[in-house]
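Subject: Structure handover

Hello,

Here is the structure I promised you. Please open it and keep it beside this email as you read.

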Amino acid sequence: MTTTSSTITRFQQLIEKNQAAVSSRRKATNMIMLSITGLMTLLALVPLFWIVGYVIYKGGQYLNLDFFIHTPRPLGMEGGGVLNAIEGTLIISGLASLIAIPPGVLAAFYAANNSDTPLGTALRFSTDVLSGVPSIVIGLFVYALLVKPMGHFSGFAGAVAMAILMLPTIIRTTEEMLKLVPHTLREASLGLGAPEWRTSISVVLPAAMSGVATGILLSIARAAGETAPLLFTALGNERYDFLQIVQSGVAQKLGIFEIIKRVFNQPVDSLPLTLWKYAQQPYPERIQQSWAAALVLMIVILLINIFARLWVENRKRRLQG
Amino acid sequence: MTKYIQPLPETHWLTRWRRAIFHGDLPWKWLIIAASILVMVLIFAVAEMLWRESADARTAFGFGFLTPTKTPNWDPVNDKFQSWPFIYGTLLTSLAAIVFALPISVGIAIFMSELCPEWLRLPLNWLVELLAAIPSVVYGLWGIFVFLPLVVAPIAQGLLYSLGAIPGIGSLFAGPVPVSGASRLGAALILTIMITPTITAVTRDVLLAIPNNQREASMALGSTQWESIWKVLLPYGLSGILGAVILGLGRALGETMAVTMVIGNSIEGTASLLRPGYTMASIIANEFAEAVTKLHSQSLIEIGLVLFFLTLILNMIARFLVWIVARKTPQEARA
């Protein structure tokens, strides 16, 4: 009798010991793995702060007023800037928005109201696919589509390439914002007898306007930082000077359309393009300018991103009550 | 006596048509459908255009253009082109980037969806997304002057002395490491940083979509938090995570500027991760604007075509996988 009871207790003791060992091991694994996930998060944030900090540090040293108000000067001369690239970035982004926004917003209306029809599914799918197409391939496409038939590189071709890149972002963010608009608003308008298009344009769109604008801004920010699609569409142009083109156009008494054509129909530069070209040159002043360009580009894009997200978040909270 | 023009009857097709037009809904519908179709047409147009523009290269080189070759054969002077070094460079750097990025991204996603307090989730999410917002050229610039000499070169030296001596996989880690650090490894590491936000975002969404009863059931059976993540949540969302990985792979394949700036741009025969190389995107970026002969530019366009179809197929697979997870879980399930 006594022997069996003692074996049982001994057995139980072993089990308990084993359990304690296993559970402490499990607890340790738990702690270790969970802290590893935290470390991974920190690890991923290191490059962010490193890049932002270093670009601010380097770019801040070389950034000055000349950078913004002069076109490039020949190497060895003091005080050149990248005005041509800044103008080019603005021109390309502006024209690209003009091209991309109307179809983007219209397609978003379709996607928001007909998400379950075959065409709606196909639209969402192709939007996703289009956003995954490499930007350099878009560049090749626009080269074959516009540059080759026209016979020369142009800011217009660059803007078309940018517009194709912006389209998926615009559609997706606009669709999301349109879906946030309460159904009651739509129904009230339809109930008052307004046709669908009137409801969409005068009721739904204004209600979602600030969100849509933010989405468009985000897509512009994304496109403005792209280089690859401009390499063989806009090409780059160190002598581009918007003011001079307009002034000489006015002096020659050309029509407004002729002047606009001159603005868009020649190669232009853009900030990322300039950055890329300068970074590959062996001259210290060029590399300094490319750091300054990186600073301007990065700050503008990050600020747009941060403010746009703040805005959207704020709005979502308000709409959801 | 006045002659009245009889108005058309209500049921006449012209009346209905006229009303539809003036009411405005039909044109509106056409308009938005046309805009939607435009997006689809764009994709087909890209495929068609690249296909047509690369016709001569395709007939001249056939499938041999894409197959593996022992020695690099890219000779613009004699018009001989084979794209294997670039395909190899793209695949190697992208796969290496996925291998590096996967544990990091899944770790972040787990931390963001399961562990971190509510107030930290949003700022963290933003920070990771800002990483994706930094322009690719800025990555490249930072890569050339900071990342390559300070991070990549030491890691490459370490790999050369540790793994380079092992027979078999040693050829993947053969030296000598370039002094500047410009290598396929550098490209892979830059890509790692750039695709981490993509994989993280999708994985986090997948984890957040898993219904809470899965977590509760696992916890109630006595598993620790890590065990329920590892044995329940990750298998549950596996196809979604796979989709995230493929999405990241697609991004890595097409990334151009940063890779072009750090990979060293050299066509040589070695297979080593520690040597400079070329990718499909970077050869296009470097040579297309200066391509002289017709066959040269057509070959580059054909590389673009391959890149397009590669990313197209990967994207389709990825979306399909993510869609499977989304369909499996009703939106209301997660309280």
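First, a term you will need: a crossing is left-handed if the near helix is turned anticlockwise from the far one by less than a right angle, and right-handed if clockwise. Helices (H or I, at least four residues) and strands (E, at least two) are DSSP runs, numbered from the N terminus.

This is a predicted model, in which local features need pLDDT of at least 70, side-chain atom pairs count only at pLDDT 80 or more, and totals for chains, interfaces and linings use all residues. Residues are numbered from 1 along each chain as its sequence is written, while chains are lettered from A and ligands numbered from 1 in the order in which they are written.

**Helix pairs**

Two packed helices are described by the angle between their axes and the distance between the axes. Axes are lines fitted to C-alpha atoms, for helices over the stretch in contact, and angles run from 0 to 180 degrees between N-to-C directions. Two residues are in contact if their C-beta atoms, placed from the backbone, lie within 7 Å.

Start in chain B. Helix 12 of chain B passes helix 13 of chain B in a left-handed crossing. Their axes are 10 Å apart, at an angle of about 145 degrees. Helix 12 of chain B brings Met280(B), Ala281(B), Ile283(B), Ile284(B) and Glu287(B) to the contact. Helix 13 of chain B answers with Leu300(B), Ile303(B), Gly304(B), Val306(B) and Leu307(B). By class, this contact has 8 nonpolar residues, 1 polar and 1 charged. Here Ala, Val, Leu, Ile, Met, Phe, Trp, Tyr, Cys and Pro count as nonpolar, Asp, Glu, Lys and Arg as charged, and the others, Gly among them, as polar.

Now chain A. The axes of helix 9 and helix 10 of chain A come within 10 Å and cross at roughly 150 degrees. These two helices of chain A are therefore roughly antiparallel. (Angles under 35 degrees count as roughly parallel, over 145 as roughly antiparallel, 65 to 115 as roughly perpendicular and the rest as oblique.) The crossing of helix 9 and helix 10 of chain A is right-handed. Helix 9 of chain A uses Phe242(A), Ile245(A), Val246(A) and Gly249(A), and helix 10 of chain A uses Glu258(A), Ile259(A), Arg262(A) and Val263(A). The contact has 5 nonpolar residues, 1 polar and 2 charged.

One pair joins the chains. Helix 11 of chain A and helix 6 of chain B pack at about 20 degrees, with axes 10 Å apart. They are therefore roughly parallel. The crossing is left-handed. Pro272(A), Leu275(A), Trp276(A) and Ala279(A) meet Val137(B), Leu141(B) and Ile144(B).

**Between the chains**

How many residues of chain B are in contact with chain A? There are 67, and they touch 67 residues of chain A. Helix 2 of chain B (residues 25–53) gives the most to the chain B side, with 16 residues. The residues on that side divide into 49 nonpolar, 14 polar and 4 charged.

**The core**

A nonpolar core is a set of buried Ala, Val, Leu, Ile, Met, Phe, Trp, Tyr and Cys residues joined through C-beta atoms within 7 Å. A residue is buried if 20 or more other C-beta atoms lie within 10 Å of its own, exposed if 12 or fewer, and partly exposed in between. The largest core has 178 residues, and Val138(B) and Ile190(B) have the most contacts inside it. Helix 3 of chain A (residues 83–113) gives the most to this core, with 16 residues. Leaving aside neighbours within four places in sequence, Val138(B) is in contact with Ile51(A), Val55(A), Ala294(A), Leu297(A) and Met298(A).

**Two loop residues**

Lys253(A) is not a glycine, yet has a positive phi of about 55 degrees. Lys253(A) sits in the loop between helix 9 and helix 10 of chain A. Is Lys253(A) buried or exposed? Lys253(A) is exposed, with 7 other C-beta atoms within 10 Å.

Asn265(B), also other than glycine, has a positive phi near 45 degrees. Its place is the loop between helix 11 and helix 12 of chain B. Asn265(B) is buried, with 20 other C-beta atoms within 10 Å.

Best wishes
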